[in-house]
Structure formats: C-alpha cells, structure tokens
Amino acid sequence: MAFLPRQALRPSHFLRLRQVVHRRVFNVRYLSGSAPLGNSNAESKVGKDQGTEATSKTTHFGFKDVPEYEKEELVREVFSSVAKSYDVMNDVMSFGVHRLWKDHFVAKLDPGRRPGGEPLSILDVAGGTGDIAFRMLDWASDIHNDHQSKVLVVDINDDMLKEGHKRSLTTRYADGSRIEFKVQNAEFLDAVPDNSQDLYTVAFGIRNFTNIPAALRAAHRILKPGGVFACLEFSKVNVGILDMIYQQYSFNIIPLMGQLVAADRDSYQYLVESIARFPSQKEFAGMIKDAGFEISGDGYEDLTFGVAAIHTGVKV
C-alpha cells in the first residue's frame, strides 16, 4: 500500500486514503420504495448444481455436521424465525451491549465523504435489518455532512431484508436513494462488481456462512484497492473465570430466554453453538490475511473481554 507506512495502518485512516485515489464509478441500482427481490442465480448454484461433490462435503451447523448444501437453507430458516425479534435476540445474547459495540464499530470505521473526496460505496453483508447500515449513514451525514454516500445491504434471507426495508421507511433514508436491500449469497456476491466498494462490513453474520474463506475472497474481490474489510462478531472470552460464566449463561440461559421471549428455543440454541464453533480471534485474523488482506498489528480489537471482537483488513 503506497499511501501510508504499514505501521500506521488504522481503520480510521483507510477511508481517508480512499479519497485521494481516482475512483471508477459503477452504476448500481438503488431501490426506491420497493420490497427486496428474490434470490440471485449464484445462490441457486449451492447444492443444486454441485451434484455429488456437494453431497460429499460437510460443514457444521452449530454442533451438528451437515452437508454443505443444506446449511444455507438451515441458516435461512433460523433467521426467518428470528427476523422480527432480531434486536431482542441480540439483546438477550449480549445483555444489550451489542448496541454499544455497533456504535463503537461504526465510530472506529468513521465512514463518510471527506472534503474534496468522493462519496463512499459501502457494502453491508448479512445486514438484513439495516442496523449497521443506518448507523453508517447517520454517521456520514451527522459527522461528515455527507449526504451522498450509499449503502448496499445484502443478506441471504429475504425475511430479514424485508424487515430492514420496512424499518428504512421510518428513517430519513425512506426515499431509497442512499440505501438498497438485495438478496445475495456472501460467498458469491454475483451482483456486486469487482473493485467497486470502499468499505465491506459484516456484523454478527460471518459465523453463519457455509464457507467463510470463500466469503472472505469475495470480499477481497469486490473492494477497491485501499478498501476496508471490517467484521464485528462474537468471539472468545479472554479471561478464564469470565469465560466460564459466559459459557454457562450462553448454554443454559440464552436458549431458555429464546423460548420465553420468542417461543423459539432451537434457533437460539443454534446461535450459541455457532459462537462456540467460530474460530478464535487469532485464527480468524489469519483467515483474513490468507484471503489477501493487509492487517495491522494483531488485526483485531477485543470488546468486553473478548465476548465480541472487531476485525479489520485492507485490500492492497
């Protein structure tokens, strides 16, 4: 990366750097008042077009091993089940602290057009309800007086996207000129051109992907040189006694709360299992690096003793 010494790479700098690089403009369609559309062609490839190769590969769905081609549908069913109570789900799983984590995540990235620069193109992956997207647009508007940067929210689950679109109609972005919702598989992102995005975000979603390395490679493909990959995800608690308490809470209380709050114990059981199966902070940072990203230092920041972590990387 020619713009900045490696030791100085920090997320707040990455977006500033993009303002001095000549940008190629892509004509991306933004919805205005219409509901999310159906699945992309790439999604239909999963399982159906892979024949015996697909049936021979397995992955984890929580603590269960399942054929790769089945996981996509299983995850879709989980999030269809929790779509309307998604914020409640996150409140239960994080004691409500997820709202503070998300605020910090966006502040750390500091999205927005700089003076003399161009508007940002932001891709929010697995962002169905728009929680991160709205925060980024608010930050860009309120902090940087940027009313032109846009967010494309993609998710594999149409029910989640419909919930996000419904929420958008109650915001200042209701005309759809700055936010679009589209069904996409994160492992393909077939509707997103190469080298087209300044920022890729994924919050509390990547652990549910069938093939995380493939999704990381897709993220690298669609980002512009100098573009930022940023992930907020539940992670591994780094204090022994606190980890023991957290594990007890996760496996004994969260599924019960899911039953009481949303009448859906099974979905919440899967979600806590998916957290337990997700790689450690160091392992995931290594996966990001393997996908071609430059990382600074450890590549991650622990939040609340490692209950969650922010991972960042830059495409060089």
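A salt bridge here is a side-chain nitrogen of Lys or Arg within 4 Å of a carboxyl oxygen of Asp or Glu. The model is predicted. By this rule the count comes to 14 salt bridges. One of them joins Arg221 to Asp194, with the closest N and O atoms 2.5 Å apart.

**Arg221 and Asp194**

- Arg221 lies in helix 9 (residues 212-222), and Asp194 lies in the loop between strand 5 and strand 6 (197-203), so the pair ties together parts that are 27 residues apart in sequence.
- Arg221 has 26% relative accessibility and therefore counts as partly exposed.
- Asp194 counts as partly exposed because its relative accessibility is 40%.

**Helix 6 against helix 7**

- Helix 6 spans residues 98-109 and helix 7 spans residues 131-144.
- Their axes come within 10 Å and cross at roughly 45°.
- Angles under 35 degrees count as roughly parallel, and those from 65 to 115 as roughly perpendicular. Helix 6 and helix 7 are therefore oblique to each other.
- The crossing of helix 6 past helix 7 is right-handed.
- On the helix 6 side, the contact is made by His98, Arg99, Lys102, Asp103, Phe105, Val106 and Ala107. They meet Asp131, Ile132, Arg135, Met136 and Trp139 in helix 7.
- By class, this contact of helix 6 with helix 7 has six nonpolar, five charged and one polar residue.

**A salt bridge across the helix pair**

- Side chains of opposite charge can pair when their charged atoms come close.
- Asp103 forms a salt bridge with Arg135, where the closest N and O atoms are 2.8 Å apart.
- This pair links distant parts of the chain: Asp103 sits in helix 6 and Arg135 in helix 7, 32 residues apart.
- Is Arg135 buried or exposed? Arg135 is buried, because its relative accessible area is 19% and the cut-off for buried is under 20%.
- Asp103, at 40% relative accessibility, counts as partly exposed.
- Salt bridges that share partners join Lys102, Asp103, Asp131 and Arg135 into one network.

**From helix 7 to a loop**

- Which residue forms a salt bridge with Asp142? The partner of Asp142 is Arg172, with the closest N and O atoms 3.0 Å apart.
- This pair also links distant parts of the chain, 30 residues apart. Asp142 is in helix 7. Arg172 is in the loop between helix 8 (158-168) and strand 5 (179-183).

Notes. Residues numbered from 1 in each chain as written. Predicted model: local features only at pLDDT ≥ 70, side-chain atom pairs only at ≥ 80, totals over all residues. Heavy atoms only, no water. Axes fitted to C-alpha atoms, helices over the stretch in contact; angles between N-to-C directions. Helix = DSSP H or I, 4+ residues; strand = E, 2+ residues; numbered from the N terminus. Parallel < 35°, antiparallel > 145°, perpendicular 65-115°, else oblique. Left-handed = near helix turned anticlockwise from the far one by under 90°. Contact = heavy atoms within 4.5 Å. Nonpolar A, V, L, I, M, F, W, Y, C, P; charged D, E, K, R; others polar. Buried < 20%, exposed > 50% of the residue type's maximum accessible area, 1.4 Å probe, protein only.
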